[in-house]
Amino acid sequence: MATLRQQIATNVLTVTRFRELMKKLRENRPNDDLNLVKKAYEFSQKHHAGQTRASGEPYLVHPLEVGNVLADMKMDSVSIAAGLLHDSVEDTSVTTVEIKQEFGEQVAHIVEGVTKISKIDFSSKKKRRQRTCAR
């Protein structure tokens, strides 16, 4: 179980990354639904609570990094919400059905697609490139 100091550090780190994300979204896509992104962050935060990666880093940092990369690419709030949620289906008890109920068909469709891609076993870089280019 995380110490109070670790919990505070995790909260500061993730809140800082979330604020960066929201700033980018406001600058790049001011007419997008910021509430959808906030809701996805809170949902992901709730379901990844207490989880850490092998490195010891809070689990939520990765989805936030994905969200920030998508914001840098000027992607819309639906894509960013899906980026924040993509690990929820893989690494928690959350289902795609729950994502659909909470966030709608578009977000669920993207999350499901990312989940399927992550399950493909690429035995070589050449096969990975061939599959990616064929799509």
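Analyst: Happy to. Contact here means heavy atoms within 4.5 Å. By that rule, and leaving out residues up to four places away in sequence, L85 touches A40, F43, S44, I99, F103, V107 and V111. Please keep in mind that this is a predicted model.

L85 is listed among the residues with the most contacts inside the largest nonpolar core, together with V37, I80, L84, I99, F103 and V107. That core holds 26 residues. Helices α1, α2, α3 (61-72), α4, α5 and α6 (105-118) each supply at least two of its residues, and α4 gives the most, with seven.

As for geometry, α2 (residues 34-47) and α5 (residues 96-103) pack at an angle of about 145°, and their axes are 11 Å apart. The crossing of the two is right-handed.

Setting aside neighbours within four places in sequence, S88 is in contact with S44, H48 and V94. S44 is also one of the residues that L85 touches. S88 has a relative accessible area of 0%, so it counts as buried, the cut-off being under 20%.

For contrast, look at E27 in helix α1 (residues 4-28). With a relative accessible area of 54%, E27 is exposed, because that term applies over 50%. E27 and A71 are 44 residues apart in sequence, while their C-alpha atoms are 9.6 Å apart in space.

Stepping back to the whole chain, the secondary structure comes to seven helices and zero strands. Of its 135 residues, 33% count as buried. Among contacts with a separation of 6 or more, 62% join residues 24 or more positions apart. The accessible surface comes to about 8600 Å², and carbon and sulfur atoms account for 52% of that surface.

How values were computed: Residues numbered from 1 in each chain as written. Predicted model: local features only at pLDDT ≥ 70, side-chain atom pairs only at ≥ 80, totals over all residues. Heavy atoms only, no water. Axes fitted to C-alpha atoms, helices over the stretch in contact; angles between N-to-C directions. Helix = DSSP H or I, 4+ residues; strand = E, 2+ residues; numbered from the N terminus. Left-handed = near helix turned anticlockwise from the far one by under 90°. Buried < 20%, exposed > 50% of the residue type's maximum accessible area, 1.4 Å probe, protein only. Areas by Shrake-Rupley, 256 points an atom, 1.4 Å probe, with all protein chains shown as cover. Core = buried A, V, L, I, M, F, W, Y, C linked by side-chain atoms within 4.5 Å.
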